[in-house]
Amino acid sequence: MAQITNRLTPFFENITFDRDDNEIILNFGPQHPSAHGQLRLMLHLQQEQIVKAHPDIGYLHRGMEKMAENMIYNEFMPTTDRMDYIASSSNNYGFALAVEKLIGLEVPRRAKVIRMMLLEINRIMSHLFWLATTALDIGAMTVFLFAFREREYLMDIIEGYCGARLTHSAIRIGGVPLDIQDTFLIQLKTFLDKLPQNIKDYEDLLDTNRIWLMRMEEVGHISKELSLSWGCTGPMLRASGTAWDIRKEEPYELYDEVEFSVPFSDKGDNFARYRIYMEEMRESAKILYQTMDMYAACVKNNQTELMAHAPKYISASKLDIMTQNYSLMQHFVLVTQGMRPPVGEVYVATESPKGELGFYINSQGGPYPYRLKLRAPSFWHTGILTDLLPGHYIPDVVSIIGTTNIVFGEVDR
Amino acid sequence: MRAYTPKDNVQAKPYYTDRFYISPQVPKEAIENDAVFAADLAAIKAKFEVSDAYIQVGQMVVYIHAKNNYGVLELLRDELEYTQLTEMSAIDWLAKENKFEIFYQMLSMNKRKRVRIKMFIENGQAVNSVNELFRSADWSEREMFDMFGIEANGHPFMKRILLPYDWQGHPLLKTYPLEGDEFAAWYEIDKIYGKEARDIIGPELRDPARVDRYDSERFARLGFEVPKGTVITGHEPKTEQSYQEEGGVFMIKKFDKKSSVVIDDPQR
Amino acid sequence: MAQHKINYTQDGGLPVALTSIDKIVNWGRSNSLWALTYGLACCGIEMMASGASRFDFDRYGTIFRASPRQADVMIVAGTLTKKHAEFIKRLYDQMTEPRWVISMGSCANTGGMFNTYATVQGVDRIIPVDLYLPGCAPRPETLQYGVMLLQKKIRANKAGNAQKPKRLM
C-alpha cells in the first residue's frame with residue numbers, strides 16, 4: 001500500500017513575503033514551554049519590539065459549557081476540576097455555591113470551615129505553582145524546585161483528604177462529603193509554621209535579584225482604566241490600583257468572620273503582581289490559622305453535620321441511605337434523575353486564586369442546566385495581552401505571560 | 001416505526017418527568033426593596049425603554065430593547081459607576097420562540113452591586129458591539145459568535161475564537177449535538193490525512209462503556225498482554241509485567257526492596 | 001604528573017565490559033530518553049511535578065526539552081483538541097527517529113471524560129502511540145513507571161537502522 005503522508009501544508013499561512021516594511025511576524029506557540037499551556041501568539045515585530053500582538057486561544061477548548069447542558073448537576077462537578085487545574089477545589093466550590101444559591105441552601109458550619117480550609121490551601125498551592133513556573137520561565141530554576149517542594153506537602157494534605165492530588169472534586173453541592181482526617185490539622189500546622197520561612201527563602205532569592213528585577217520592574221504595566229475595561233480581576237486588578245477582593249467585598253462562606261487584609265498596589269507592573277502573589281500567600285496562611293480555630297470550636301460545640309439537609313436536592317448521609325428505606329429511594333432518584341432546581345437564573349462570583357470565577361446558571365426546572373456560562377478570569381487576562389504586549393520586547397513576553405497567571409483549562413474551557 | 005426524536009433540541013433529556021410536577025421558582029423581589037437598584041433603574045428608565053426588571057438572588061435583572069444595548073451600557077458605565085463588564089453571552093431560545101437572549105453581567109465596585117442587563121434578539125439579527133465601551137466585550141462577542149453565530153455590528157475582528165476558523169456549526173446551539181456532527185467527527189482526519197484516510201482510521205468510538213475483550217487494538221489485557229492486532233483466542237499465556245527484565249540489565253542496578261529504606265512521613 | 005596506579009586484578013578487575021552493539025546502543029537510548037515538554041492540560045502539571053523536586057525525573061536520564069528536534073519521546077500529557085491536532089502531527093514529524101510516544105492520561109488515550117465535539121477521541125488517531133498511561137490525571141509515579149516500561153521496550157528492540165519507522169497509516 002502506498003504510504004499516505006499528511007496533507008498539512010507548510011506552516012507559512014501567517015507570513016506574507018512581499019511586505020515592504022520591516023515587520024517580522026513571529027508565531028509563538030501553541031506548543032511553547034513558556035506559554036503556560038496552549039497559547040498561540042502572533043507577534044508583529046519591528047526589530048525586537050512588538051508592534052501588534054494577536055493572541056489565539058482555543059487549543060484546549062473541550063466544550064465544557066456544552067457538557068454542562070447534557071449532565072445533571074452533580075455529574076458536572078468533576079468537570080469543573082479540569083478548568084483551573086492548579087486549584088481545582090476553588091472551581092468545585094464556585095459551582096457548588098452557584099447551585100446552592102439557586103436552590104437556596106444553607107450549608108452547615110462545619111462544612112463551611114472545611115471548605116474554607118480547602119479553598120485557602122488551593123490558593124497557596126496555586127500561588128506556589130505560579131511562582132515556580134514564572135521563576136522557571138525567567139530562569140530561576142532554584143525557585144522552581146523550592147516552590148514545588150512546598151506544593152507537594154500541600155498536595156499530600158489534600159490527597160489525605162480526598163484521595164486525589166490534582167483533580168480533587170472535594171466539595172459537593174450542599175457541603176463536603178467527608179470530615180477532615182486526623183492528621184490534617186497537624187500536617188497543616190506543620191506546613192503553616194514553616195511557610196513564612198519558605199516565603200522568605202523565595203524572596204531572598206528573588207527580591208533583590210538583578211535579573212529578576214530587570215525582567216519584572218516597569219515591565220507589563222497595566223493602567224487602572226485598562227484593567228477595569230478588560231474585566232481583570234484578582235491579583236491582576238489589585239496590582240493596578242483597585243483593592244477589590246470578593247472575599248472581602250461580597251463575603252461568602254465565613255470570610256466575614258476571619259481577619260485578613262487585601263494587598264494591593266498601584267504600580268501595575270510585573271513586579272507589583274509578583275509582590276501581591278507573595279503577600280496573598282501570607283494572608284491565606286493567616287486565614288488558615290483562623291479556620292483551624294474555627295474547626296476546633298465546631299468540634300467543641302459538637303457541630304457534626306457536613307451536608308445540608310434538603311431531601312429534594314441532596315442525598316441523605318451514607319448511614320441513612322444504608323438504614324432508612326426512604327433515604328435510599330430518594331438517593332436513587334437523585335443519582336439517576338438528578339436534582340431539579342427551581343426555575344430561575346443565578347450568577348455567583350467567587351474569588352478563585354486567579355480572580356473572579358463566576359458561574360451563571362439558567363435553570364428551567366429540569367435536571368440539566370439550560371445554560372451554564374463559566375466566567376473564568378484567565379480568559380480576560382489572556383485577552384489583555386492584545387493591548388499589553390505592544391511596545392514591549394520579545395523577552396518581556398515570557399515574563400508578562402508569566403505574571404498574568406493564565407491557565408488554559410480555564411481560558412478555553 | 002422509529003421513535004420520534006426532536007430536531008430542534010438534541011441535548012440530553014430527562015428519561016422521566018412527572019407530568020404533574022410544577023417546578024418552584026427562584027424568588028423574584030421587587031426593585032423597591034433595594035434603594036441603590038431603585039435609583040439605578042430610575043436612571044435607566046429615564047432614557048430607555050425597560051420591559052421588565054426585578055431582583056433575583058441579590059442581583060438586579062433589567063430587560064431592555066436590543067437596539068439600546070450600547071446606550072444602556074454607556075449610561076451604566078459613565079453615570080452609574082458600573083465600571084466592569086464581567087461577563088456576556090447568549091442563551092438559545094430558538095426552539096421555543098426563535099429568539100436569542102443576550103445578557104450582560106455588570107459590576108459596580110463602588111456600590112458593590114451587580115446588574116444583569118438582558119435583551120432578546122431575533123434569529124439572524126446582529127447586536128451592537130460594546131467593544132468600544134468595554135474592551136472585555138472584544139473577546140466575549142467573538143466567543144458569542146463562535147458559540148451561537150450571533151454577530152456583533154462594529155466589532156473590529158468578528159472571527160471565531162475558540163474553534164478553528166474553518167469550523168462549521170455553532171456548538172452551543174441546542175440543535176448541535178454534544179458529540180458533534182459529521183464535520184466535527186472527521187475534522188482532524190480530513191485536515192491531516194485527507195478524506196480517503198477515513199476508511200483506514202475508522203470512526204471515533206464514542207461509547208464510554210464499550211468493552212470488547214476480543215479487540216486487541218483498543219483494549220489492554222492486563223496480565224495477558226499480546227501485541228497490538230493479535231487475534232484473541234482466549235488461551236493467551238499469563239505475562240507478568242515488571243519494569244525490568246528478569247536477568248538484570250547491562251550496567252543498571254536492579255531495585256532491591258529489602259535493602260531500601262521506606263520513608264513513611266514524606267514531610268520528615 | 002600524577003601517577004595512577006590501578007590494580008587490574010582486584011576491585012572488579014579490568015575496567016572493560018564486553019557487550020553487543022545492540023545492548024550498548026539500547027542502553028544509551030533507553031537511559032537518555034529526552035522528553036518533549038508537551039503539557040497540554042492537567043496532566044502537564046503532573047508531568048512538571050514529576051520533573052520537579054520530589055519525584056526528580058533526571059535520575060532516569062529524562063530531561064525535558066522544548067524542541068521536538070532534540071527529543072526522543074513525546075509525552076502527550078493532556079487533552080488533544082481538534083484545533084490542536086494538526087500541531088501534534090507537525091511536532092511528531094519534526095522529531096528524529098527513533099522516536100516514541102507516551103500517551104499520558106485518559107484524555108490522550110481515549111478522549112476521557114471529554115466526550116464532546118471538540119476533543120480528539122484518542123491521540124492514536126493522529127500519531128502512533130507506544131505506551132498508554134491510565135489515570136485522570138496519572139500520578140507522577142505512574143509516569144515514571146511508564147518511562148521504565150518504555151525503557152524495557154526499547155531494550156527489547158534491535159538497535160539497527162533496519163527498524164521500521166512507525167506509521168499510523
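How many residues from chain B and how many from chain A does the contact between them take? In this predicted model, the contact takes 66 residues from chain B and 70 residues from chain A, contact meaning heavy atoms within 4.5 Å. Residues are numbered from 1 along each chain as its sequence is written, and chains are lettered from A, with ligands numbered from 1, in the order in which they are written. Because the model is predicted, local features need pLDDT of at least 70 and side-chain atom pairs count only at pLDDT 80 or more, whereas totals for chains, interfaces and linings use all residues; side-chain values use heavy atoms, with hydrogens and water left out.

Chain B and chain A bury about 5800 Å² between them, 55% of it on carbon and sulfur atoms, where buried area is the accessible area (1.4 Å probe) that two parts lose on being put together, summed over both. Across this interface of chain B and chain A, 10 salt bridges are found, a salt bridge being a side-chain nitrogen of Lys or Arg within 4 Å of a carboxyl oxygen of Asp or Glu. One of these links A:Glu250 to B:Arg114, with the closest N and O atoms 3.1 Å apart.

Between chain B and chain C, 40 residues of chain B are in contact with 28 residues of chain C, and the two chains bury about 3000 Å², 60% of it on carbon and sulfur atoms. Of the area that chain B buries against chain C, 23% is supplied by B:Tyr193, B:Tyr243 and B:Phe250, more than by any other three residues. Four salt bridges are found across the interface of chain B and chain C; B:Glu188 and C:Arg125 meet through their side chains in a salt bridge at 3.5 Å, N to O.

Within chain B, an open sheet of six strands has the order β1-β2-β3-β6-β5-β4, with mixed pairing; helices (H or I, at least four residues) and strands (E, at least two) are DSSP runs, numbered from the N terminus, and two strands pair if DSSP finds at least two bridges between them. Strands β1 (28-29) and β4 of chain B stand at the edges with a single partner strand each, so one side of each is left without a neighbour in the sheet. Nine bridges join β4(B) to the antiparallel strand β5 (residues 99-108) of chain B, in which B:Ile102 is the bridge partner of B:Ala90. By contrast, β3 (residues 59-64) and β6 (residues 113-122) of chain B pair in the parallel sense over four bridges, with B:Val61 opposite B:Arg116 in β6(B).

In chain C, eight of the 10 residues of helix α3 (residues 85-94) are buried, so this helix is largely enclosed by the rest of the structure. The buried residues of α3(C), among them C:Phe87 and C:Leu91, pack against β2 (40-46) of chain A, α6 (187-192) of chain B, and β3 (73-77) and β4 (100-104) of chain C.

How values were computed:
Buried means under 20% relative accessible area, exposed over 50%, partly exposed in between (1.4 Å probe, protein chains only).
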